[in-house]
Amino acid sequence: MAILEVKGLKKTFGNTEVLKDINFELEQGKALAVIGSSGSGKTTLLRCLNYLETPTEGTIYVAGDKVFDASENIKLSEADIRERRLHFGLVFQSFNLFPQYTALDNVCLAETLKAKSMPDFAANKAKILAEIKEHGKELLDMMGLSERMNHYPHQLSGGQQQRVAIARALALSPDILCFDEPTSALDPELTGEVLKVIRSLAEKNTTMIIVTHEMAFARDVADTVMFMDGGNIVEMGPANDVINNPQEERTKQFLSRYTEG
């Protein structure tokens, strides 16, 4: 079953077409790695899926429900955008943690804000907040950060901060977890601990879209690899096939940079 269907997605900034007729499906429980040079449209695609950018054309379906249709030309309210954004969790390359909050508070914040909008919150405040806190602890434990939950971001390494960010993205149980170059801001020795967490999520059949420059990781962890260039999907297929035996000349040129020397 396709959890995500993207049809005819285009995004234009001024006279520049950054996404040019993007079409693909993602099966539930599968991991898709998106590779390509800087400026190929990878991050813009994630931003469109997460309602950080509005596509110029196209439709997006999640679990069979249409969550975006550019042809309808409807101005969504902030509440509508927040509701639709819940389908996706986004992990940024630069962590984006709130410095004034502990790791646990960062993880619990979104779930707490959502709970406060519920009609029964005031009557059950203590119970609801306790449950949210327990859930946050469980997520940080899954990230190997039980002993760091009361630390502030400046007291954590880059790898630890990124793992907090992953826990935060998981807090609202999104249908699809998105990563935008999750290791690009990390020192090489810290990259492995974040990749290990993403690998464990893949083993649990977490549906993911991972924009990455780690080719070996994409091959070994993703079910499918999509190579983008110039706003187009140039090649897409089983991860091992695309990485080890690309069919398109442009894909071969791109991947040759990672195998030479």
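Two strands are treated as paired if DSSP finds at least two bridges between them. The model examined here is predicted. On that basis, strand β1 (residues 2-13) pairs with strand β4 (residues 57-62) in the antiparallel sense, over 5 bridges. Within this pairing, glutamate 5 stands opposite tyrosine 61 in β4.

Strand β4 also pairs with strand β5 (residues 65-69). These strands run antiparallel and are joined by 4 bridges. β4 and β5 form a hairpin with 2 residues between the strands. In this hairpin, alanine 63 adopts a positive phi near 55 degrees.

An open sheet of 6 strands was also identified. Its strand order is β6-β7-β8-β3-β9-β10, and the pairing is mixed. The edges are held by β6 (88-91) and β10 (232-238). Each has a single partner strand, so one side of each is left without a neighbour in the sheet. Direction ignored, neighbouring strands of this sheet are turned against each other by 15 degrees on average.

Inside this sheet, strand β7 (residues 176-180) and strand β8 (residues 208-211) pair in the parallel sense. The pairing covers 4 bridges. Cysteine 178 has isoleucine 209 in β8 as its bridge partner. Helix α6 (residues 188-203) packs on the sheet and touches both β7 and β8. The direction of α6 makes about 150 degrees with that of β8.

A helix pair was examined next. In general, two packed helices are described by the angle between their axes and the distance between the axes. The axes of helix α3 (residues 103-116) and helix α4 (residues 125-142) come within 9 Å. They cross at roughly 140 degrees. Angles over 145 degrees would count as roughly antiparallel; α3 and α4 are therefore oblique to each other. The crossing of α3 past α4 is right-handed.

On the α3 side, the contact involves Ala103, Leu104, Val107, Cys108, Glu111, Thr112 and Ala115. These meet Ile128, Leu129, Ile132, Lys133, His135, Gly136, Lys137, Leu139 and Leu140 in α4. By class, the residues of the contact of α3 with α4 divide into 10 nonpolar, 3 polar and 3 charged.

Note on methods: Residues are numbered from 1 along each chain as its sequence is written. This is a predicted model: local features need pLDDT of at least 70, side-chain atom pairs count only at pLDDT 80 or more; totals for chains, interfaces and linings use all residues. Side-chain values use heavy atoms; hydrogens and water are left out. Axes are lines fitted to C-alpha atoms, for helices over the stretch in contact, and angles run from 0 to 180 degrees between N-to-C directions. Contact means heavy atoms within 4.5 Å. Angles under 35 degrees count as roughly parallel, over 145 as roughly antiparallel, 65 to 115 as roughly perpendicular and the rest as oblique. A crossing is left-handed if the near helix is turned anticlockwise from the far one by less than a right angle, and right-handed if clockwise. Ala, Val, Leu, Ile, Met, Phe, Trp, Tyr, Cys and Pro count as nonpolar, Asp, Glu, Lys and Arg as charged, and the others, Gly among them, as polar.
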